[in-house]
Amino acid sequence: PQTIYRKDYTPPSYLVDTVELGFDLDPARTIVANRMTLRRNPDSAQREIELYGENLELVALRMNGNTLSEQDYRIEGSLLTIPDTPEEVTLEIETICVPEQNTTLNGLYTSNGSFYTQCEAEGFRAITYFPDRPDVMAVFTVMLRADKDKYPVLLSNGNLVEEGDLGDGRHYAKWEDPFKKPSYLFALVAARLVCQEETFRLADGRDALLQVWVEEGNLDKTDYAMQSLKNSIRWDEERWNLELDLDRFMIVAVGDFNMGAMENKGLNIFNTKFVLANPRVATDIDFQGIEAVVGHEYFHNWTGNRVTCRDWFQLSLKEGLTVFRDQEFSADMIGTETGRAVGRIDQVRTLRQAQFPEDAGPMAHPVRPDSFVEINNFYTVTVYEKGAEVVRMYQTLLGRDGFRKGMDLYFERHDGQAVTCDDFRRAMADANGRDLSLFERWYSQAGTPVVRAETRYDDIARTYTITFFQSCPATPGQTSKFPFHIPIAVGLLGADGRDLPLTIGGEHLGSTTVLELTESEQTFVFENVPEQPTPSILRDFSAPIILDYNYGDADLLHLFNHDSDAVNRWEAGQRLAMGRLLKLTGEAGVGAPLMLDDTFLLAMGKMLSDETLDPSFREQALLLPSEGMVAEQIEVVNPLSIHLARQFMRANIGARLRTELLAQYEANQTPGEYSPDALSIGKRALKNLCLAYLTAAQDEEGLALAQKQFDEAGNMTDRVAALSALIHARAPGADAALQRFYDEFEDEALVIDKWFMLQASAATTDVAAVRGLMRHPAFNLRNPNRARSLISSFCAGNPVQFHAPDGSGYAFWAEQVITLDGLNPQVASRLARAMDRWRRYTPELQEHMKKALQQVAGQQRLSNDVREVVGKALA
Ligand code: HT7
Ligand code: ZN
């Protein structure tokens, strides 16, 4: 496969002003008529028109009214070139595609018999020939024609300008989008749907029509998405002065979808998972996901749609920025300081669990990649979550007001343009009169920087010195790195646990200050420090780095008990827990007896019962680092030892903190009507963690409580938590509970996904059991949610069984990647990434893993998506 390089970017040869699309929608044979006006791009020396098309039957091609014959153009792969074209051109292209056979869910496809599209990144070329690249922006008009009975609802981007009957059982709708847009933002839907709608008054007094479209039977699950949409619109107005620019904004939910959702202009298409919710079927995490994703897609209207990306290497320009915006939105919706910190802790967890490993693995790439084989493989945690961290660091460095000035300048300069990450950085720098040239390295260098800190207190001079040493490990294609521009927020705690006032160079800096690292070694001296302090470094996780500081247990306990920065307070607990987990893992590996010290348990018990603290924070503080996070700390990974160590720790906590856990289980009940507000969510989370610890200890009362909670729960959060506790504890009632759960929710696809996922990730579920579940009538490999709920949950979420010593998990993985690749390369390729870190396992496991990787790589017919992932893993 061909590698595409960022350095090879050239401007498009032609620009497209208008596109008129006509669709005669038929699942077996859809005819697409495309009439577009193009003109030569003054910024390009090229004189040929380049169009992309894939899996299309080309019926006719006319240029300025004349039919072109095969001698007039070339088709090489997906590129159609028309040479020697005039300054201004009208092209008319007729193609045929077959939506019902499109299992890739890219381009135009059918789901449950209806039509949907997915065009990002390069799906539009599976609909018609077009200069399908984000720097070609055009005004679209769309005419949809389809059978009226089967597809009563016909939607596309922008405004509905005409609709009516065609007489032969078919009808039509014409849509015009007044804003020019790249082709990846095109969308259409032709389906039997119903909607919840509302008119919403915008800040400038205009009324906008908001609609949430779902399949019949799901209207009782749209309230939260609608509320989240209204909150998003208001928040964007209030925090950034950004208004909805359309009269109509639609969300459509579809059951077959490769990712979470898509920000098509005015017609967002969503995975049902991020739309449908009510207390009976959705958990607190589902509700939170809906708020975040509805916000994320809506915020793209400015950060992505109005200002878009010049090329796909700049993906983080829109994704990093929009993730940052959705994170801030969710934090502001909670509105409390603890709520914000708990959200931040979740973000740190995601980074450590998924992004740091990516940065250290074979697919490591900079936030702005230099090359790719398949762009779909670069919708990654690095581009999204690390990208958001990079945006957050601007705000940390420039302050909230400075960041806002930068955003304002960015929109002022670039509205209606397709731009680069450099343009964004320049806007930030220029708006604040700052030199941010070194900051560019966050975009160009892959890998997670490691910052080592050394400290010294001088009790005579009353100074406290911190020296930082930064480095960054080699990543594929980048052996040595330059120092990063790193904001490190620091506070110093006195012996009484309070923040000491900070002074550097005579300047009073309050209780937290942001130190800026730009060199590989830098020293900062705090003055007038009255006593040996405990340093709280990297407050609020001010940069996506690994902090290497030799904290002793006493320091960590002090921070865990007192740090005013909630993120670092949590972090101290994680460090305490990680130390124990690593020690226990070593002991489990050699069959030594396992023991957990009283100091740790005491600290955990105190945190658990400290009712001055928010339950949501206590839950986070008591949650142990995941098995995956432990694995990242170990050079030679034996998943079973890690599992045994963590299970031992959980059971020990459950047994030795039994009284406190039972008390908190009771204290954090949320009687009455279910509400997904932050306090109730926190209480349920803490209560259900207590239940998980108690049942991990096989506590009889705990097991009885789990059964009772399962039987009586009035909401899905408690239901699923109880079921999970029963399954993981191998409780006698687990099988019956699973059956009851299935029977009760058989018709709720998203709940049945949970049913599969719970089983797939249980350490008792081996490959044979997963194969059995694949034969279940409710299993369907073609549905991405279902495939992920069973196969990905097993391969990425059940380390003990996936890494079975006989290699059966890996053989299963290879088989599924190969089969899925024939249906849906995007889903297959994500599953393929479960093997990214294969070189870190024991030699025996490595051997099996390599064999499985080679088996996949050796397939003759393989998508670029999967070939790139396994190729890089084996390289
Ligand atoms: N911008 C959207 C990306 C997306 C996507 C990418 C590749 C293949 C399918 C896809 N569906 C959605 C989602 C987002 O970040 O908002
Ligand atoms: Zn996005």
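User: How are domain bounds defined here, and which domains does the protein have?
Analyst: Domain bounds come from an automatic or database domain assignment. That assignment gives domain 1 (1-192), domain 2 (308-444), domain 3 (450-550), domain 4 (551-625 + 637-731) and domain 5 (762-875). The model is predicted: local features need pLDDT of at least 70, side-chain atom pairs count only at pLDDT 80 or more, and totals for chains, interfaces and linings use all residues. Residues are numbered from 1 along each chain as its sequence is written, while chains are lettered from A and ligands numbered from 1 in the order in which they are written.

User: What separates the centres of domain 1 and domain 3?
Analyst: Taken over C-alpha atoms, the two centres are 54 Å apart.

User: Which residues are closest to ligand 1?
Analyst: Glu120, Asn258, Met259, Met262 and Tyr379 are the closest of the 15 residues that surround ligand 1; a residue is near a molecule if its C-beta atom, placed from the backbone, lies within 6 Å of it. Two or more residues of the shell come from each of β21 (261-262) and α2 (284-299). Helices (H or I, at least four residues) and strands (E, at least two) are DSSP runs, numbered from the N terminus.

User: Which domains give at least three residues to that shell?
Analyst: Domain 1 (1-192) and domain 2 (308-444) each do.

User: Now valine 19: is it buried or exposed?
Analyst: Valine 19 is buried because 23 other C-beta atoms lie within 10 Å; the cut-offs are 20 or more such atoms for buried, 12 or fewer for exposed, and partly exposed in between, with C-beta atoms placed from the backbone. Valine 19 belongs to strand β2 (residues 14-24).

User: What is valine 19 in contact with, leaving aside neighbours within four places in sequence?
Analyst: Its contacts are Asn34, Met36, Ala138 and Phe140, a contact being two C-beta atoms, placed from the backbone, within 7 Å.

User: In what order do the four strands of the open sheet come?
Analyst: The order is β10-β11-β17-β13, with antiparallel pairing; strands pair if DSSP finds at least two bridges between them.

User: Why is one side of β10 left without a neighbour in the sheet?
Analyst: β10 (107-111) and β13 (153-156) are at the edges and have a single partner strand each, so one side of each lacks a neighbour in the sheet. Five bridges join β10 to the antiparallel strand β11 (residues 114-118), and leucine 108 stands opposite threonine 117 in β11.

User: Last topic: which residues of helix α8 are buried?
Analyst: In α8 (residues 553-562) they are Leu556, Leu557, His558, Leu559 and Phe560. Their cover includes β28 (486-493), β33 (534-537), α9 (566-589) and α10 (598-609).
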